[in-house]
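Please read the following report alongside the sequence and the model.

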Amino acid sequence: MAATKKELETMTTQDAVNTLVSEFISGERLILGSNYKLQKSGKVDVRTIGLTLAPATDSIPYGGVNTCPKAGQCKDACLKYSGHNVIPYNHLVKIARTVAMRKHDAAFKAQCEKELSAHIKYCESKGIIPAFRPNMLSDVIKLSRHFARKFPTLRVYDYTKVPYSIGHKSNPSNLHLTLSRDENNESKALELLASGHNVAVVFASDALPSTWQGFPVIDGDEHDVRFLDAPGSVVGLRLKGTKAAKRVAIDSGFAVSPRASLRIVA
């Protein structure tokens, strides 16, 4: 039987992580799950489950790995600072998943595949599209490619900060990637938009502009099913997090001011 939240809270952080890792790879505790954002995909006859790892370097002190190699100022405006992600227990579980992936790769993937098989079977029984987002807070695209190849009928999608991952020859046809624009990759984001790929842009306003740099903006907060977006679209996302995190995001250029949305870069 899996350890209870109360039992885990009485342990040291490392012991709790080790316990959770063992439960994940043995199947006592499910690795994959859903959240409010993923549940909104139900509006379009798509059922999505996701893998939520610890972002960036959060898991390294406990035996994990950097899951966001291209992270810039987004580290300070990360969604880990919003919603249920701020709950210490939830953060602990993310760390344990990441350590399980790092130290028990084969067992970790096998358990994920078992859960994905059940997910696909359920969706097929309901006549809906099975989807999977392997990187809810991380950017490990090799995982996305692995699961997309393993399950050709599964629609796999992710955001990534790594421009060369978009349109890469190793990407399976059922894998859809959206570039996350930041303060360092805007020129590449514009190139990808011009070639028909999609780019997510975080705006420092509740009201999204109709265009950004001449490209149409769609509301990315309406649902999470990015593979349904029209090619060449800017996926507009609203800045979230604490006041301090929002200020860092705006000052660094990670979040775009709507005033800059009409500017065209030659």
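Axes here are lines fitted to C-alpha atoms, for helices over the stretch in contact, and angles run from 0 to 180 degrees between N-to-C directions. Helices (H or I, at least four residues) and strands (E, at least two) are DSSP runs, numbered from the N terminus, and contact means heavy atoms within 4.5 Å. This is a predicted model, in which local features need pLDDT of at least 70 and side-chain atom pairs count only at pLDDT 80 or more, while totals for chains, interfaces and linings use all residues. Residues are numbered from 1 along each chain as its sequence is written, and side-chain values use heavy atoms, with hydrogens and water left out.

With those terms in place, helix 6 (residues 141-150) lies across strand 2, strand 3 and strand 4, and runs at about 170° to strand 3.

The sheet is open and has 8 strands in the order 1-2-3-4-5-8-7-6, with mixed pairing; two strands pair if DSSP finds at least two bridges between them. Strand 1 and strand 6 stand at the edges with a single partner strand each, so one side of each has no neighbour in the sheet. Strand 5 and strand 8 pair in the parallel sense over 5 bridges, and Val202 has Leu237 of strand 8 as its bridge partner.

| Strand | Residues |
|---|---|
| Strand 1 | 46-50 |
| Strand 5 | 199-203 |
| Strand 6 | 211-212 |
| Strand 8 | 234-238 |

Within strand 4 lies Thr178, which is buried (under 20% relative accessible area, with exposed meaning over 50% and partly exposed in between, for a 1.4 Å probe and protein chains only), its own value being 0%. Leaving aside neighbours within four places in sequence, the contacts of Thr178 include Asp158, Ile166, Asn198, Arg226 and Val235.

Helix 7 (residues 186-194) has Glu186, Ala189, Leu190, Leu192 and Leu193 as its buried residues. Seen down the helix axis, these fall within an arc of 160°, so they line one face of helix 7; the arc is that of the directions from the helix axis to the C-beta atoms. Ser187 and Ala194, on the other side, are exposed.

A nonpolar core is a set of buried Ala, Val, Leu, Ile, Met, Phe, Trp, Tyr and Cys residues joined through side-chain atoms within 4.5 Å. The largest has 50 residues, and Leu32, Leu51, Phe108, Leu116, Phe132 and Trp212 have the most contacts inside it. Helix 4 gives the largest share of this core, 8 residues.
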